[in-house]
Amino acid sequence: MSYKTILVVKNRAMGDSVMGLSTLQYIKELYPSAKIIYALPLWITRLYKNVDIASDEVISCDLKNAKDWLALFKKMRKIKPDVIFEMQQGGRTKKFFGTYSKIFGIPYFFHNHHISSGGNIHDQGVIKAVIQRDLDGAFSTLSHKERYPSYLHYTPKVSFSRKYKKRVILGVVATRQTKMWSLSKYVDLCKLIKRDFPCLNIVIPLSKSSGDMEISKELTALGISSIANLEYVELENLFEYIGNSKLYIGNDTGLKHIAIAAGIKSYTFFGPEPPNEWHPYNEKDHPYFYKEGLDCRTEHAHYCGLSVCESMICLNEFRPEDIYQVIKKDLDD
C-alpha cells in the first residue's frame with residue numbers, strides 16, 4: 001500500500017505529543033515521499049511552531065463541542081488523507097475518526113492501550129514503554145512488517161537553532177502532587193550546584209497557571225530567588241530554550257520529554273509510576289531516580305494512582321546531597 005497523505009493523531013497531553021514524534025519518524029521512514037500531518041490538542045500545537053519535526057504540518061483536533069467537530073471535519077475535507085493512524089486512541093477521537101472513516105471509506109487504524117487483547121496490533125495489551133506501544137501500532141497497521149522497530153532506535157527529535165547557554169533546567173512541576181520531588185529539596189539542590197558552579201544559571205520554567213503560580217510563591221518563600229530564576233517561557237520557545245541548556249533535572253513531566261527531544265541529558269525523579277512505561281529512553285543517556293520494591297505502588301494496579309500521599313516514601317528518601325553527587329559530573333564545562 002502506498003499513501004500520499006497520512007494523518008497521525010495523538011489527542012493527549014504535551015509529553016505524550018513529544019513521545020509521538022518517535023512514531024512520526026518511523027512512519028516517515030516507511031513513507032518518505034508522503035505528506036505527514038500531526039493532529040494534536042489546539043493548545044499544544046504552538047509547541048511545534050518554531051522547530052522542525054518529522055511531519056509536514058501540525059493541526060489541532062479538539063473535539064470538545066459541536067463547533068470543534070465541524071471545524072475538524074472541514075479540515076479533514078481539505079486535507080483529504082489517504083489513511084488515519086491514531087496513537088493512544090481516545091473516546092471522542094474514536095467516534096469522530098471512526099465515523100469519518102465509514103462515510104468516506106478512509107482506512108482508520110489505531111492503538112488503544114485500554115484494550116487488553118485481540119485485534120491486529122502487535123503485543124496488544126502488554127504493558128511496555130509508551131513509545132514502543134505507539135511503534136507497535138504503526139508497525140502492525142502501516143508497515144510491510146519487514147523489520148520490527150525498537151523504541152531505543154527512535155528517540156524523539158526536533159531541529160532548531162543551537163545557541164548553547166550555561167544553563168540548568170529544573171522541572172519542578174508535575175500533573176499531580178505525588179509525582180513531585182519536594183520543593184525544599186530542589187532549593188537545597190540549587191544551593192549545592194551554585195556552591196561549586198557559581199557561573200551556571202539555574203532556571204525553573206513555570207507557566208501562568210494557578211498551580212504553577214502557587215509553586216512560584218512557595219519557592220520564593222523558600223529563598224529560591226537568590227540562587228535560581230523562575231521564568232515564564234512561551235510554549236513556542238520551549239524546545240529552543242531548554243535545548244540550548246546544559247542539563248535537565250526534574251520530575252517525570254512534559255518538560256522532561258521536551259528536554260530529551262531537544263537533545264540534552266536528563267535526570268528524572270520517578271515516584272508513584274514506574275519508569276518502564278513513561279521513560280522510554282536509553283537509561284545510560286537519561287538516568288532516573290526510582291525506589292524499587294514498594295508494595296503501595298501495586299496494591300490496586302501496576303502503579304500508584306494517588307494524587308496526594310502523606311508519606312511520599314517513593315520520593316522523600318532521595319536526598320539532595322546524594323542527587324548532587326550523581327549529577328555533578330555533568331555540570332562541568
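Which residue's side chain does Arg147 meet in a salt bridge? I looked this up in the predicted model, and found that the partner is Glu29, with N to O at 3.5 Å. I then placed the two residues: Arg147 sits in the loop between helix H5 (130-141) and strand E6 (167-171), while Glu29 belongs to helix H1 (residues 14-30), so this contact ties together parts that lie 118 residues apart in sequence. For accessibility I noted 49% for Arg147, which counts as partly exposed, and 48% for Glu29, which also counts as partly exposed.

Next I turned to Glu234 and Arg46, which form a salt bridge whose closest N and O atoms are 3.0 Å apart. This pair links distant parts of the chain, 188 residues apart, since I find Glu234 in the loop between strand E8 (229-231) and helix H8 (238-243) and Arg46 in the loop between helix H2 (42-45) and strand E3 (57-60). Glu234, at 32% relative accessibility, counts as partly exposed, and I noted Arg46 as partly exposed at 36%.

Finally I looked for salt bridges that share partners, and found Arg176, Lys179, Asp252, Lys256 and Glu273 joined into one network.

Conventions:
Residues numbered from 1 in each chain as written. Predicted model: local features only at pLDDT ≥ 70, side-chain atom pairs only at ≥ 80, totals over all residues. Heavy atoms only, no water. Salt bridge = Lys/Arg side-chain N within 4 Å of Asp/Glu carboxyl O. Helix = DSSP H or I, 4+ residues; strand = E, 2+ residues; numbered from the N terminus. Buried < 20%, exposed > 50% of the residue type's maximum accessible area, 1.4 Å probe, protein only.
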